[in-house]
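Please consult the sequence and the structure shown below while reading.

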Amino acid sequence: MYTVSLEKFIQKMKVKNLTPDVDISAIEITQSDVNRPALQLAGFFDYFDHHRIQIIGQVEHTYMEKQGIEESLKQMKRILSYKVPGIVFCRDLPVPEEFLQLANEYEIPILQSHADTSAFSAEVTRWLKVELAPRISIHGVLVDIYGEGVLITGESGIGKSEVALELIHRGHRLVSDDVVEIKKVSDETLIGSAPDITRHFIELRGIGIIDAKTLFGVESVKNTQSIDLVIQLEEWNKEQEYDRMGLEEQYIEYLGNKVVCHSIPIRPGRNVAIICESAAVNYRQKKMGYNAARELYNRVTSNNFGKA
């Protein structure tokens, strides 16, 4: 199970820590969703999501004001007893001194944000879903081609890095070479990135390691990219029948998500970079509703029907 430290959360979300005496170094966030404890403040604790970040907005704050400090302290004490990872007061809502004293006693951090409650909750959920997403690392190259994330895979030495280099020369952007970290952020979306240690580097056999960002500029690299298309490079096999029409899509599965996949045979004279580029554009056309293979098929069948 993946976790996010509360320290990283505070830094990313730009929230203020109102309880600096509380040691937060060991506090980890394990759930991507957040909880607004309106029911808990009313005394209902069945199915309380205490592993989540607790967010206090205008509604909860107004309710506590109407309940009075004694009743609010009573319910807040129960919430803190569950060892929640932290409580965030949005909209810069004032936090009673009694709450801060209670939080210090239970060693639970109280945080404050100037952001709107709904917007803050949405951004926290979005960010935590990425940070806590299931992930794998695979051998391959990830390139942004016309906005489509193309993952190029194949055996070691088949020429993936050389293809990436040619694509950079043609104005596309490198995300990762050699190792691609894939995160499943939803049932529809996979996000790829490079390990921190190898980010922006490319290994070229016979030359060594080059820094794409330094050689070609910041416009030639990108930190993350959705994975929309997979291209598998393989040695040409004259005994094998390769798809020449593309009427039926082939898929490969990563972390339970299916991604369109093309197998491209390698042989002398084939410009693989241009093939990858064309595959990305063709995939983009299909997303926009135009399928060249289907169009040709319809023309041929219509022509044959007319002759009959």
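E123 and R126 form a salt bridge through their side chains, with an N to O distance of 2.8 Å. The two residues stand 3 positions apart in helix α6, so about one helical turn separates them. The model is a predicted one, and it holds 15 salt bridges.

**The pair within α6**

- E123 has a relative accessibility of 32%, and therefore counts as partly exposed.
- R126 is likewise classed as partly exposed, at 44% relative accessibility.
- In general terms, side chains of opposite charge can pair when their charged atoms come close.

**The pair between two loops**

- A salt bridge joins D116 to R91, and the closest N and O atoms lie 2.7 Å apart.
- D116 belongs to the loop between β7 (110-112) and α6 (117-131), while R91 belongs to the loop between β6 and α5, so this pair ties together parts that are 25 residues apart in sequence.
- D116 is partly exposed, its relative accessible area being 34%.
- R91 is partly exposed at 42% relative accessibility.

**The pair between two strands**

- The side chains of D144 and R173 are in a salt bridge, at 3.0 Å from N to O.
- This pair links distant parts of the chain, since D144 sits in strand β9 (residues 141-145) and R173 in strand β11 (residues 173-176), 29 residues apart.
- D144 counts as buried because its relative accessibility is 4%, below the 20% limit for that class.
- R173, with 32% relative accessibility, counts as partly exposed.

- In helix α3 (residues 58-67), the buried residues are E60, H61 and M64.
- These residues cover an arc of only 100° around the axis, which places them on the same side of α3.
- V59, E65 and K66 are exposed on the other side of α3.
- The elements that cover the buried residues of α3 include α2 (38-41), β5 (53-56), α4 (69-81), β6 (87-89) and α5 (97-106).

Note on methods. Residues are numbered from 1 along each chain as its sequence is written. This is a predicted model: local features need pLDDT of at least 70, side-chain atom pairs count only at pLDDT 80 or more; totals for chains, interfaces and linings use all residues. Side-chain values use heavy atoms; hydrogens and water are left out. Buried means under 20% relative accessible area, exposed over 50%, partly exposed in between (1.4 Å probe, protein chains only). Helices (H or I, at least four residues) and strands (E, at least two) are DSSP runs, numbered from the N terminus. The arc is that of the directions from the helix axis to the C-beta atoms. Contact means heavy atoms within 4.5 Å. A salt bridge is a side-chain nitrogen of Lys or Arg within 4 Å of a carboxyl oxygen of Asp or Glu.
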